Amino acid sequence: QNITDTLYRKFQASVLPYIGTNGKMGMNVINDYSFNLFGGYSLGVRKAELSGMFNLNRGDVEFVDLAGFVNLYGGKVIGVQMAGFTNLVRRDVDGYQFAGFVNLDWENFEGVQLAGFVNTVRGTTKGVQIAGFVNTAVDTAKGFQMSGFCNVANKSMTGTQIAGFCNVTIDTLYGTQIGFVNY
């Protein structure tokens, strides 16, 4: 509890958080590689993380992150992030996100998002969003949105929106909307 230093390790393996090679120090360790049977918890990852169920990181994660169920990150993500259910990132994402259900980013996104149900970016969106139900860009969007039901850009949209039902751009659209209802 009293250690605040950041530690760096090449490799980490765990069964669950605190049950692995980093022990109780996991929240202070940035790993190059992290392999978790069910789940792991660390300060960050610099190269790759793989987990049967979940990955939890307080800080930044780079390059490849794969989880059977969920990735939850407090820092930024650079690279490829895949989860069977949800990817949740509190800072910027630069790369590719694939989720069986939801991709949710609190800040800016640049790259490609694919989700079975919903993609939501609370900051600016640059790139491609494809979802089975809804894509939402809370700030400005540049690129391409395609969904089975609805696409939303709360500010301006530069690019193309294609939806099975509705496309909404609250401010200004510079591009094309294809759907049953376009606003």
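Two strands count as paired when DSSP finds at least two bridges between them. Keep that in mind as you click through this predicted model.

Stop 1: Start with an open sheet of twelve strands, in the order S2-S1-S3-S5-S7-S9-S11-S13-S15-S17-S19-S21, where the pairing is mixed. Now pick out its two edges, S2 (19–20) and S21 (173–178). Each has a single partner strand, so one side of each has no neighbour in the sheet.

Stop 2: Select residues 157–163, which make up strand S19. How many bridges link S19 and S21? There are six, and the two strands run in the parallel sense.

**Stop 3: strand S16.** Next, select residues 134–137. In a regular strand, side chains alternate between the two faces of the sheet. Here Val134 and Thr136 point one way, Asn135 and Ala137 point the other way, and all are buried.

Strand S14 (residues 118–121) is parallel to S16, with four bridges, and Val118 has Val134 as its bridge partner. Strand S18 (residues 150–153) also runs parallel to S16 and is joined to S16 by four bridges; look for Asn135 opposite Asn151.

**Stop 4: two cysteines.** Finish with Cys150 and Cys166. Are they buried or exposed? Cys150 is buried, at 7% relative accessible area, and Cys166 counts as buried too, at 10%. As for disulfides, the structure holds zero.

Technical notes:
Residues are numbered from 1 along each chain as its sequence is written. This is a predicted model: local features need pLDDT of at least 70, side-chain atom pairs count only at pLDDT 80 or more; totals for chains, interfaces and linings use all residues. Side-chain values use heavy atoms; hydrogens and water are left out. A disulfide is a pair of cysteine sulfur atoms within 2.5 Å. Buried means under 20% relative accessible area, exposed over 50%, partly exposed in between (1.4 Å probe, protein chains only).
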